[in-house]
Structures are given as C-alpha cells and as structure tokens.
Amino acid sequence: MGIEAVVFDMDGVIHRGKRAIPGAKEAVRELREAGKEIFFLTNNGSRTRKHFAERLASFGINVPLERVYCTSYGAARYLSKEMPGCSAYILEEDTEEEFTKAGIRCVQDEDADAVVVGLDRKLTYEKLSVAFRAIMKGAAFIATNDDPSYPVEEGFLPGAGAIVASLAYSTKKRPHIIGKPEPYMLDLIVGEHGLRKGNALMVGDQLSTDILMAKREGMMSALVLTGVSSRAEAMEGKISPDFVVESIREIPGVVREWEESTLR
Ligand SMILES: [Mg+2]
C-alpha cells in the first residue's frame with residue numbers, strides 16, 4: 001500500500017512570508033509526477049481560496065482552487081451548513097467574498113448571528129468591543145484557527161490565537177475552532193475529493209496543529225524544520241511525527257523510501 005495523497009500546510013512549509021522555501025516547487029512537482037494527489041491545507045483564514053492559489057502560483061506551484069483549503073473557506077462552509085443565511089461579524093482581513101459566496105451576510109454590528117475571529121492585523125479596541133458584545137448577546141463564536149504564532153521572513157508574529165484568546169477570556173465563552181488540529185477542514189477534503197486518510201501523508205511545520213491532527217485522524221505525518229516546531233520538540237515525544245526532515249525538499253525521497261520499504 002502506497003501513499004496516495006500528500007496534504008501540505010503552507011506557512012513554514014511552502015513559504016515564510018513572501019519567500020518560498022527552497023525546493024518547494026520541485027518537491028510538489030516530483031510528487032505529482034509520482035502520481036500523488038496534492039492538497040494544500042492552511043490554518044490561515046485572512047484571505048480567500050483564490051488568493052492562496054495565486055500565492056502558490058507565485059511560488060511556481062500551479063494548483064486548482066478546489067485543492068486549496070483555507071479556514072475562511074472552511075468557516076464559510078461551516079456557517080452555511082449550520083446557520084444558513086446567517087449574518088456574521090468577521091474579524092479577519094480580505095475574506096468577505098468567501099462568506100458572501102456561501103450566502104452569509106457580512107455585517108458590522110453587534111446584532112450579528114455569528115462572530116468569526118481570526119488574524120485581523122487591523123484589529124482595534126472598537127472592533128474587539130463589537131465582537132465581544134455580539135458574543136455576549138448570543139452570537140456563535142467561531143475561530144478560523146487558534147495558532148499562537150506564525151512564521152515570517154524574520155522570526156515570528158502573534159497569531160490568530162492571540163485575538164481568539166482575548167475574546168474567550170473576556171466573554172468566558174469557548175470558540176468553535178475550524179482549523180487544525182480540529183478535523184473539520186480535513187473532512188471537507190475527504191467529502192469533496194474522496195481523500196482516504198489512512199493513505200495520506202500530512203506535511204507540516206507545527207506539532208500542535210498539523211501533526212496532532214494527522215495523528216488523531218490516522219494519517220501519516222512529516223514535520224519539516226523550516227517553521228514553528230524544532231527537532232528537540234519533536235523528540236520530546238508528546239506528539240511524534242512519523243518523519244522529521246529539514247525541509248520539504250526531502251519529502252519525495254521520504255515517500256519513495258517508505259513505499260519501497262513497505263512494498264519489499
Ligand atoms: Mg505552518
């Protein structure tokens with residue numbers, strides 16, 4: 001039995017900020033040539049699917065929109081199923097299009113039916129107050145992701161989790177989380193493309209999201225060391241990936257070797 005599909009996280013795996021990680025394009029091409037199905041699954045919810053597909057294309061990775069999963073798309077899908085036609089106050093950046101497409105009305109006041117929180121880099125105390133009041137009035141509290149930080153060209157910045165935590169703390173309510181390590185986004189891929197988790201490899205840079213989800217869901221997992229988590233953390237053994245590699249460049253080789261060793 002081989003690996004049929006490879007699911008890549010983006011930040012810290014494919015790129016850091018605007019810079020591609022060396023070998024990313026070649027690794028994806030090689031896996032495709034070996035017949036692997038390729039998907040991208042990012043916890044980032046601050047842009048639309050279209051934007052992430054364009055970002056991948058800017059790194060030389062051309063992939064149809066339907067294979068790019070971001071948490072703004074996930075949150076929109078979730079709301080359209082659970083609360084069809086609802087209104088939502090969105091603490092994210094350029095994502096309105098994703099919600100409008102799913103039949104969600106984007107509003108700017110505390111009477112919203114749902115509050116969607118993610119990484120809003122233009123966050124103000126006023127916006128936080130509207131979100132707080134809406135949640136206190138009973139709006140559904142949805143977080144696109146709960147990442148504590150994310151990698152950029154030079155180091156790290158606070159992630160969506162920092163904003164989610166401030167609302168959870170002040171409202172004393174728990175958010176419903178769309179992104180990894182929750183299985184919701186992965187299940188969308190399963191539903192839309194027939195992905196078989198047991199025959200898929202997750203490639204990520206973060207133990208507490210990418211790798212934890214893979215372990216819980218019965219996927220194989222590979223940690224790359226170009227992002228958040230270190231080899232030392234992987235060796236602590238709390239969440240152990242099947243493979244630890246320096247970068248995405250090594251993934252085609254890891255897949256090949258693993259398949260050769262199990263088919264032998
Ligand atoms: Mg990442």
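**Figure 1. Packing of helix α1 against helix α10.** Helix α1 (residues 24-33) packs against helix α10 (residues 251-263) at an angle of about 30°, and their axes lie 8 Å apart. Because angles under 35 degrees count as roughly parallel, α1 is described as roughly parallel to α10. The model shown in this and the following views is predicted. On the α1 side, the contact involves Ala27, Glu30 and Leu31, which meet Ile251, Pro252 and Val255 of α10. By residue class, the contact of α1 with α10 comprises five nonpolar residues, one charged residue and no polar residue.

**Figure 2. Packing of helix α5 against helix α6.** Helix α5 spans residues 125-136 and helix α6 spans residues 160-171; the two pack at an angle of about 45°, with 10 Å between their axes. This angle makes α5 oblique to α6. The crossing of the two helices, α5 and α6, is right-handed. Helix α5 contributes Leu128, Ala131, Phe132, Ile135 and Met136 to the contact, while α6 contributes Ser166, Leu167, Ser170 and Thr171. Six of the residues in the contact of α5 with α6 are nonpolar and three are polar, and none is charged.

**Figure 3. Surroundings of valine 130.** Valine 130 is located in helix α5. Its C-beta neighbours inside 10 Å number 19, so valine 130 counts as partly exposed; a residue is classed as buried if 20 or more other C-beta atoms lie within that distance. When neighbours within four places in sequence are left aside, the contacts of valine 130 are Tyr89, Asp109 and Glu110.

**Figure 4. The protein chain as context for the close-up views.** The secondary structure of the protein chain consists of 10 helices and 15 strands. Along the principal axes, the C-alpha atoms of the chain fill a box of roughly 60 × 35 × 30 Å. The radius of gyration of the protein chain is 18 Å, which agrees with the value near 18 Å for a compact globule of 264 residues. Of the 264 residues in the chain, 47% are buried. Among contacts in the protein chain with a separation of 6 or more, 66% join residues 24 or more positions apart.

Key. Residues are numbered from 1 along each chain as its sequence is written. This is a predicted model: local features need pLDDT of at least 70, side-chain atom pairs count only at pLDDT 80 or more; totals for chains, interfaces and linings use all residues. Helices (H or I, at least four residues) and strands (E, at least two) are DSSP runs, numbered from the N terminus. The radius of gyration is taken over C-alpha atoms; the globule rule is 2.2 Å times the number of residues to the power 0.38. A residue is buried if 20 or more other C-beta atoms lie within 10 Å of its own, exposed if 12 or fewer, and partly exposed in between; C-beta atoms are placed from the backbone. Two residues are in contact if their C-beta atoms, placed from the backbone, lie within 7 Å. Axes are lines fitted to C-alpha atoms, for helices over the stretch in contact, and angles run from 0 to 180 degrees between N-to-C directions. Angles under 35 degrees count as roughly parallel, over 145 as roughly antiparallel, 65 to 115 as roughly perpendicular and the rest as oblique. A crossing is left-handed if the near helix is turned anticlockwise from the far one by less than a right angle, and right-handed if clockwise. Ala, Val, Leu, Ile, Met, Phe, Trp, Tyr, Cys and Pro count as nonpolar, Asp, Glu, Lys and Arg as charged, and the others, Gly among them, as polar.
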